[in-house]
Amino acid sequence: MKKWVVFIFILCSVHIVFAETLAISVGESYNPGEEVVFTINLYDDSRTILYEQVQYEIVDFYTERAAEGTTTSGVQTRFTLPDNAIRGYWAVIVRYNGDEHKQLFNVMELEKVEITLEGEVLVVKNVGNVPYRKSIQILIGDYEETALVPLGIGESKEIK
């Protein structure tokens, strides 16, 4: 009686996947104080999204770093702009395996002052991201006056 020994070979194929494309999805423009929502997508050569960790950086108009972190490709990431964010083009910059991709978004102009009364002193502070060049109307009881209060960004003035 003959006995047969059967060997079954299972071939395993190894797939090496390379990231082909980095893409950033972000809105076109935002106001200071708003939340910027962006998604970083990393695709392989067949345009399938890869859920990998990627590093990002957000820089302002002067390329000063406003934020940095790590997120997962394909997941929405959020960043709140400062109330006095510099107007102009900002960028989300992504780095992955030595590659870098940048996507611009615009921070809009915000002309805004904060007015407080400290004792008998009226304090007017520019909390916007552009110089303030408007008049303010001051009403105290029956007293009314209009004052031109030009203020640079972050500047404040006191009125007695």
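Visitor: What stands opposite Val-124 in β14?
Guide: Lys-157 does. This is a predicted model, so read every position that way. β11 and β14, residues 156–159, pair in the antiparallel sense over 4 bridges.

Visitor: How many residues sit between β10 and β11 in the hairpin?
Guide: There are 2. Gly-119 is in that turn and has a positive phi of about 70°.

Visitor: Is β11 largely enclosed or open?
Guide: Largely enclosed by the rest of the structure, because 5 of its 6 residues, 121–126, are buried.

Visitor: Switching topic. What's the strand order in the open sheet of 5 strands?
Guide: β2-β9-β8-β5-β6, with mixed pairing. The edges are β2 (29–30) and β6 (65–72), each pairing on one side only.

Visitor: How many bridges join β5 to β6?
Guide: 7, and the two strands run antiparallel. β5 spans residues 53–59. Tyr-56 has Gly-69 in β6 as its bridge partner.

Visitor: Now Thr-39. Buried or exposed?
Guide: Buried, at 15% relative accessibility. Thr-39 lies in β3, residues 35–44.

Visitor: What does Thr-39 touch, leaving out residues up to four places away in sequence?
Guide: Ala-23, Ile-24 and Ser-25, plus Gly-74, Val-75 and Gln-76.

Visitor: On to charges. How many salt bridges in the whole structure?
Guide: A search finds 7. One of them joins Glu-109 and Arg-87, at 3.1 Å from N to O. Glu-109 lies in the loop between β9 and β10, and Arg-87 in the loop between β7 and β8, so the pair ties together parts 22 residues apart in sequence. Arg-87 is partly exposed, at 44%.

Visitor: What about Glu-111 and its salt bridge?
Guide: Glu-111 pairs with Lys-134, the closest N and O atoms being 3.2 Å apart. That links distant parts of the chain: Glu-111 is in the loop between β9 and β10, Lys-134 in the loop between β11 and β12, 23 residues apart. Glu-111 is partly exposed at 35%, and Lys-134 is partly exposed at 45%.

Visitor: Which residues do salt bridges with shared partners join into one network?
Guide: Glu-57, Arg-65, Glu-68, Arg-95 and Glu-100. Within it, Arg-65 forms a salt bridge with Glu-68, the closest N and O atoms being 3.5 Å apart.

Visitor: Are those two buried or exposed?
Guide: Arg-65 is exposed at 51% relative accessibility. Glu-68 is exposed at 53%.

Key
Residues are numbered from 1 along each chain as its sequence is written. This is a predicted model: local features need pLDDT of at least 70, side-chain atom pairs count only at pLDDT 80 or more; totals for chains, interfaces and linings use all residues. Side-chain values use heavy atoms; hydrogens and water are left out. Two strands pair if DSSP finds at least two bridges between them. Buried means under 20% relative accessible area, exposed over 50%, partly exposed in between (1.4 Å probe, protein chains only). Contact means heavy atoms within 4.5 Å. A salt bridge is a side-chain nitrogen of Lys or Arg within 4 Å of a carboxyl oxygen of Asp or Glu.
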